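Let's take a walk through this structure. Have the sequence and the 3D view open as you read.

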Amino acid sequence: MAEVVAVFDFDKTILDCDSDDWVVDKLGLSEVFDRLRPTLPLNSLMDRMMMELHSRGKTMEEIADCLKEAPLHPKIVSAIKSAHASGCDLRILSDSNVFFIETILRHHGLIDCFSEINTNPGSVDAQGRLNISPYHDFYHLSHGCKICPPNMCKASLMDRIRSSASAERKKRFIYVGDGNADLCAGMKLEEADVLLPRKGFPVWDLICRNPTLIKARVREWTDAAELKTVLLNSAGTLGCAENGNAKAIHSIVVACKFQTSLVGAAAPESPVVRREREACSSIA
């Protein structure tokens, strides 16, 4: 399956919560976060939250320990390891930041499964403070996308991923996500590709209201167990089709009914969800 590239969102896809919300809630920043939320883009606000933690004496080790407790279901770990072992090229495309993502992946033994992590930069300065920067410097130039937040357009990044991954020969793509911006990435998929939207989340709602925007086959999932099954089945089918061993695959008909996603009861309680407050223009 070396010709199959699987691109994952991170928050509420690999991780069963939003990593920003997790840190904000668990480290006592909820009040200041909510007060400042109307005044700053989310990426800039999270950088401000890291400054706040540093001013309170919180160390990078404490932030890392907090991140290691964020809920990541064992079946997601198994799915990622299985897809990697089968030969899939796994990549991440996320509006989180590199420190949060790498800390969590390394803790769960997944860091080596991914060939590339596309996300907002995060670096520790000489004073031991985490600085979070925008992937796209929107203060100087807008990326022009009406779907994505100002600091990152997932469509432009998917274009780059497709180009780099297919430099030697054409690849088939799987995209897995849950949020508004994941629709933007999904619109870059072609008919031979597969989009795996999380049912009952914003990307699912947008697809149901605008099904003609997606050329790829759509296979929804609701929880970790379903994602493992759908991901591995999709990767296997694409791998077989690439090698000429499978019949043509018919498009999946999506029934737009919504339900709450349930992940294992043993997982830690997720914090209040705030990230979908990011302004997002509706799609005609």
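## Before you start

This is a predicted model, where local features need pLDDT of at least 70 and side-chain atom pairs count only at pLDDT 80 or more, while totals for chains, interfaces and linings use all residues. Residues are numbered from 1 along each chain as its sequence is written, and side-chain values use heavy atoms, leaving out hydrogens and water.

Helix 4 (residues 60-68) packs with helix 6 (residues 98-107) at an angle of about 60°, and their axes are 9 Å apart. Helices here are DSSP runs of H or I with at least four residues, and strands are E runs with at least two.

On the helix 4 side, the contact (heavy atoms within 4.5 Å) is made by M60, I63, A64, L67 and K68. Helix 6 brings F99, F100, T103, I104 and H107.

## A strand tucked inside

How many residues of strand 2 (residues 89-97) are buried? Nine of the nine are, so strand 2 is largely enclosed by the rest of the structure. Buried means under 20% relative accessible area, with a 1.4 Å probe and protein chains only. D89, R91, L93, D95 and N97 point one way, and L90, I92, S94 and S96 point the other.

## Its partners

Strand 1 (residues 4-8) pairs with strand 2 in the parallel sense over four bridges; pairing takes at least two DSSP bridges. Here A6 has L90 as its bridge partner. Strand 3 (residues 114-120) also runs parallel to strand 2, joined by five bridges, and N97 stands opposite N120.

Technical notes:
Axes fitted to C-alpha atoms, helices over the stretch in contact; angles between N-to-C directions. Buried < 20%, exposed > 50% of the residue type's maximum accessible area, 1.4 Å probe, protein only.
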